[in-house]
Amino acid sequence: MTSPGASSPTRNPAWKALAAHGREIEQRHLRELFAEDAGRGERLGLEAAGLYLDYSKNLVTDETLRLLLELAEGSGLRKRIAAMFRGEKINTTEGRAALHVALRAPRHASIVVDGEDVVPAVHAVLDRMAAFSERLRGGEWKGYTGRRIRNVVNIGIGGSDLGPMMATEALRHYSDRNLRFGFVSNVDGTDFAETVRDMDPEETLFVVCSKTFTTLETLTNARTARAWVLAALGDERAVAKHFAAVSTNAGEVTKFGIDSANMFEFWDWVGGRYSLDSAVGLSLMTAIGPQRFREMLAGFHAMDEHFRTAPFERNLPVLLGLLGIWYGDFLGAQTHAVLPYDRYLWRLSAYLQQLDMESNGKRVDLDGNAVDFQTGPILWGGPGTNGQHAYYQLIHQGTQRIPCDFIGFALSSNPLGEHHDLLMANFFAQTEALAFGKTEEEVVAEGVPPHQAPHRSFPGNHPTNTILAERLTPETLGALIALYEHKVFVQGSIWHINSFDQWGVELGKALAARIVPELSSEAAPEPIHDSSTNALIRRYRRLRSQS
């Protein structure tokens, strides 16, 4: 392992200045910062692509922001952004471009990779997806026995599951209710069994998402789905009527029994966790329709253009990325909570966990040098108001600093009496309470017995971002996802790490492949691992043999 190299951000003068400045900020309170600047709440706000960001409740002064912007400028971020949008191979460990922005580029755009304009191919696939999904939505596509398809089950894992599942849930308000959608990812057989338990094989279509069509979990579930269909329909020809594929491996797709006409391509410059707006989104397009899907792409593109062109001090992804670096590297925060106040976004934090933690959970930089600072945070969260009756206690009165993003909408997709005003009252109240808290003196003045005051006071000074939009639409969702995609990229660029590879997922998979034959055969070989793993495997085999 080499020592930290010359490209480490810690060598940047702005980094050193921020470290010193952080010690000063630790002594400040948001109460003071707001008292000193009556216009802070308006001044530290920014709108782009239909999203309004209030970042005034952050532990920052104008000097903090100046130094953070100086850090961004000194990191080569501008060149890195331009290189990504040009299609350069910025994923250096895999020798690939990271060009998810091409997936939502308009038809008239031109983005060249290895001498080829990729935009026409992107739109050709989108057009094929649209035709396919319209046949399903309209009932023209029939199963093998002539019955209409009523269930669409996406089989994938990682980005091929988290993305379409999150977005299908997020946009359920716009979904075709004549169709039911399921998602299978876990190799645990319970996932498949429970997903299809109330489905009829004659009315079910599976979309198998695997770029190579060799992913262990996905292909295991796909083969189980194939057997489930054939057990009911009894004819190999039925496979072509009940399966579609999102892949680049036409040979394996055809061997499985899927008609290559129903295989939808994506490219090696599309990372799995950035693939929702590619053919991986086929199940989503089927749910909401091609027009709504394209509206989502327009939202992605609007945020892409904002990110590409806006000055850093007015750039939403840049500011969110810098604020995350500020808390993680200078104020000791190790986690980050994303708290959407919309039930439709209940899977958003799970989606963002992969986006953020798989992208920036790195311990060496682009040059192979060990990093000497904290990279990606542990990301978590869930929908309000549920969390207020669970983990908000830790955020308000615990000992850790946990920066939070609150996401809300002015209009509900399902207006019911006073529900939305009550929801949003909590939304606004939580950021206020986290910022300003309540002192023991204030608690006692309200009549609380002095011995209870320490328990019922709130220190405040907990930082939050507030993201507010008019309503949750496909376009808004696209902009929101792109905002977080680019935030992650900003942080990776400043940290000088590769946000687009994920070698950390490989070792466990390789070891699992070695262990499988040690579990599945009566004449299984003696395990040859460490003493703990060997003992666990032997115990597992004994329990299996006794059943």
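This is a predicted model: local features need pLDDT of at least 70, side-chain atom pairs count only at pLDDT 80 or more; totals for chains, interfaces and linings use all residues.

Colleague: In which loop does Asp-114 lie?

Modeller: Most residues other than glycine have a negative phi, and most peptide bonds are trans. Asp-114 is not a glycine, yet its phi is positive, about 50°. Helices (H or I, at least four residues) and strands (E, at least two) are DSSP runs, numbered from the N terminus. On that numbering, Asp-114 lies in the loop between β3 (112-113) and β4 (116-117).

Colleague: And His-496, is that buried or exposed?

Modeller: His-496 is another residue other than glycine with a positive phi, near 60°. Its place is the loop between α20 (474-495) and α21 (506-520). Buried means under 20% relative accessible area, exposed over 50%, and partly exposed in between (1.4 Å probe, protein chains only). His-496 has a relative accessible area of 18%, so it is buried.

Colleague: What is omega for the cis peptide bond that joins Gly-384 and Thr-385?

Modeller: Thr-385 is found in the loop between β11 (378-381) and α16 (392-397). The cis bond joins it to Gly-384, and omega there is about 10°.

Colleague: On to the strands. Which residue is the bridge partner of Gly-408 in β13?

Modeller: Two strands pair if DSSP finds at least two bridges between them. Strand β2 (residues 51-54) pairs with β13 in the antiparallel sense over three bridges, and Leu-53 stands opposite Ile-467 there. Strand β12 (residues 404-409) pairs with β13 in the parallel sense, over six bridges. In β13, the partner of Gly-408 is Leu-468.

Colleague: Why is β13 largely enclosed, and what is the relative accessible area of Thr-466?

Modeller: Five of the six residues of β13 (residues 464-469) are buried, so the rest of the structure largely encloses the strand. Thr-466 lies in this strand. Its contacts (heavy atoms within 4.5 Å), not counting residues up to four places away in sequence, include Tyr-52, Phe-406 and Phe-427. Thr-466 is buried, with a relative accessible area of 9%.

Colleague: How many aromatic pairs are there, and what is the angle between the planes of Phe-213 and Phe-256?

Modeller: Rings of Phe, Tyr and Trp (its six-membered ring) pair if their centres lie within 6.5 Å; planes under 30 degrees apart count as stacked, over 60 as edge-to-face and the rest as tilted. The structure holds 24 such pairs. Phe-213 and Phe-256 are edge-to-face, 5.8 Å centre to centre, with 80° between the planes.

Colleague: How many residues apart are those two?

Modeller: Phe-213 is in the loop between β7 (204-209) and α9 (216-233), while Phe-256 is in helix α11 (residues 250-256). Phe-213 is buried at 3% relative accessibility, and Phe-256 is buried too at 8%. The pair links distant parts of the chain, 43 residues apart.

Colleague: Last one: which Arg lies over the face of Phe-256?

Modeller: A charge sits over a ring if NZ of Lys or CZ of Arg is within 6 Å of the ring centre and within 35 degrees of the ring normal. Over Phe-256, at 5.6 Å from the ring centre, lies Arg-226.

Methods:
Residues are numbered from 1 along each chain as its sequence is written. Side-chain values use heavy atoms; hydrogens and water are left out.
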